[in-house]
Structures are given as C-alpha cells and as structure tokens.
Amino acid sequence: MQNGGYSGRRVLVTGGTGLIGRPLVERLIAQGAHVRVVSLDHSSRAPSQCEFLKADLTELSNALRATDGIQDVFHLAGVKGSPDVALKKPASFMFPTLTFNATMLEASRRNKVERFLYTSSIGVYAPAPVMVEESVWQTHPSIHDRFAGWSKRMGELMLEAYRLEFDWQNLYCVRPANIYGPFDNFKPPGSMVVPSLIHKMVSGENPLVVWGDGSAVRDFLFSEDCADGILSVMKNDIQGPLNLGSGQGVSIRELVETLAELLPNPPKIVWDTSKPSGDQTRILDTSRALKHGIVPQTSLRGGLKRTLAWYLDQGGLSSGRHDAFA
C-alpha cells in the first residue's frame, strides 16, 4: 500500500535540529510539507522555513502542544552519548528516553495524529555477526549498550501496545546503524566515535590515542542516507521494524586511517589495547531495506569528507546544542 508523500502535510519532527533530524527536516520542506520542529537546542540550528518550538517533551502538556494539528510525527528526539557516558550517567539517559517516548505516543493519539514513526537503534540488538530484525526479542541487548538498548526496546514495545489497543496501524519503526554527519555532537567526552575522532584530529592531538586495537567492526551510515530511508518507510507504509545501515562492516582501524588521510597533516595513531573497544562486530542485515529500494548513496570516505568539511566550516564545536548529560 502506498501511504503517500508529504506535500501539504502538517509534519512534526522531534529532535529536528540534530544529526538525523536536520537533513530530514530539509527534505520535508523541499517536498512541500509544513514542518514544526521541537527541540531543546537553540532555534538557530533549525531551518528558517520551519516552525520552531523549544520544549521539554518529558512533559505531556508540551507533547500535546507540539502535536496539536499535526498529521505526521517523526519522533527522532533522543539522548545520545558515548558508551562511557551512558554507563556513568544511565539515569540521565533512561528517564528522558522512556518518558518522552510515552508522552509523544499518548499526545499523538489524543490529537489524532495519522502517522507516527519511532527511531530506535542498533543498540537494541544482542552481539551477533549480523543483526536481523526478527531476532531482537529472542535476546537481550549487549552489556555495552544495556541502558540505551533497553530504553529503545521499551519504545518499540510501547509502539506495539498502541497498535494493539487502539488499532493504530500507521505506526513505524526504524533501527539505524552508527550514524554520522553534520550537526552531530562533537563535544567530548560524550561524543561518539566519528565526531570524537574528527574533533581530536582537527584540534591537533598528536599522537592520537584510540581505544582498542582497531579490529572492532561497525556499520556506519551517513545521516542524509538515514533521513532518506526514514522518509521512505512512512511514505511507502513499510511495516515492522526496519534496519537502516550500510550492511557493510568497517573496522575502527580503517575508519581512523580514512579520516587521517583527509587531513593535510595526519597525526600519528597509537592504539591503546589496555582499553575496551566494545562488541567485536556490529553489522545490520539490510536485506529488507534493499527489497524496498532503500539503498545508501554515500560512501564512507565521501561521508567523512563532507562531515569534516562541515565541522571545519563551523569553526569547531557547533553552538546551540543542548547537552542532556551536563
């Protein structure tokens, strides 16, 4: 069934100033949607053509205000931080994640939102050579992603609860891989691997010390490709959780070396094997996405080059970003 496009639709994007949200909002505007963005970031991080609402979505009253008059919701708002920060401050991660997933679904139901998409995470999976959609509820999230993984899983379960009780069929769920790109959090110590490496390299850290031996393998996807995939899921009524990734494994060593090659004066790389590197392999099975014509368009090198250029253009750490762990 074709669910239809976005021209003339009243659309809400929570977290629309962030890594995935910003390119998603730009695409919706280009397709003729009337877009409202809700975020705790500064309004300068949102495109000028959209309506901006700064609000804490852990409050149901704010979620009701945000969804008033809205037809489609893309719920991207989330608390994002490095595995180390998430382990040290798990309550700061879990409380907002669990709460605004609940308020957004309930507010959307009360305000008769027609379509709702929830952004889950690769973190819901247990360690496996390749992560397949149907395997999630047969396992537990990785010990390295315990708090984030369970929080995101509860969002998926809540989606199913609303589908069952209220016969709300236009509910969608995506599980993105390791997303990187402009508008990410480059501020240490909470930044993820790609923005952390870019910040350290540009700041002149030399030698550059990287945790582990570089053999760990990850699935990286450029933020614009993720946004395109998300739009396709709702537009084409793709039911069931859907993996969004490259489907290709890239070692941390290859990632670091590729980034270093993009710099005029690359640093010396030192691998600290006394430090943990997380699960050995995390690659998404993207066969379902491919069957629906969702194919990433950006190579790793191309995406890293564009991310680095954006970071340099911003003059370092981008301003106006809300830090949930501060």
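Predicted model: local features only at pLDDT ≥ 70, side-chain atom pairs only at ≥ 80, totals over all residues.

Reader: OK, and where is Phe183 placed?

Author: Phe183 sits in the loop between strand 7 (178-180) and helix 6, where helices (H or I, at least four residues) and strands (E, at least two) are DSSP runs, numbered from the N terminus. Its phi is near 70°, which is a positive value in a residue other than glycine. Most residues other than glycine have a negative phi, and most peptide bonds are trans.

Reader: Which peptide bond is cis?

Author: The bond that joins Asn206 and Pro207 is cis, with omega at about 5°. Pro207 belongs to the loop between helix 6 (193-202) and strand 8 (208-211).

Reader: And what is phi like at Lys112?

Author: Phi of Lys112 is near 60°, again a positive value in a residue that is not glycine. Lys112 lies in the loop between helix 4 and strand 5 (115-119), and it counts as exposed because its relative accessibility is 67%.

Reader: What does Ile70 touch, leaving aside its neighbours within four places in sequence?

Author: With those neighbours set aside, Ile70 is in contact with Arg10, Val11, Leu12, Arg36, Lys112 and Val113, where contact means heavy atoms within 4.5 Å. Ile70 is part of the loop between helix 2 (60-67) and strand 4 (72-75), and it counts as buried because its relative accessibility is 6%. The C-alpha atoms of Ile70 and Glu114 are separated by 8.2 Å, although these residues are 44 apart along the chain.

Reader: Switching topic, how many helices and strands does the protein have?

Author: The protein has ten helices and 14 strands. Its radius of gyration is 19 Å, close to the 20 Å that the globule rule gives for 326 residues, so the protein is as compact as a globular protein of that length. That radius is taken over C-alpha atoms, and the globule rule is 2.2 Å times the number of residues to the power 0.38.

Reader: What box do the C-alpha atoms fill, and how much counts as buried?

Author: Taken along the principal axes, the box is roughly 55 × 45 × 40 Å, and 53% of the 326 residues count as buried. Among contacts with a separation of 6 or more, 79% are between residues 24 or more positions apart.

Reader: Now the helices: how do helix 4 and helix 5 cross?

Author: The axes of helix 4 (residues 90-110) and helix 5 (residues 146-166) come within 9 Å and cross at roughly 15°; axes are lines fitted to C-alpha atoms, for helices over the stretch in contact, and angles run from 0 to 180 degrees between N-to-C directions. The two helices are therefore roughly parallel to each other, since angles under 35 degrees count as roughly parallel, over 145 as roughly antiparallel, 65 to 115 as roughly perpendicular and the rest as oblique.

Reader: Which residues make that contact?

Author: Among them are Phe93, Met94 and Leu98 of helix 4, and Met154, Met158 and Tyr162 of helix 5.

Reader: And how do helix 2 and helix 4 pack?

Author: They pack at an angle of about 50°, with their axes 8 Å apart, and are therefore oblique to each other.

Reader: Last one, what about helix 8 and helix 10?

Author: The axes of helix 8 (residues 252-261) and helix 10 (residues 300-313) come within 10 Å and cross at roughly 55°, which makes helix 8 oblique to helix 10. In that contact, Leu255, Thr258, Leu259 and Glu261 of helix 8 meet Leu300, Arg301 and Leu304 of helix 10.

Technical notes: Residues numbered from 1 in each chain as written. Heavy atoms only, no water. Buried < 20%, exposed > 50% of the residue type's maximum accessible area, 1.4 Å probe, protein only.
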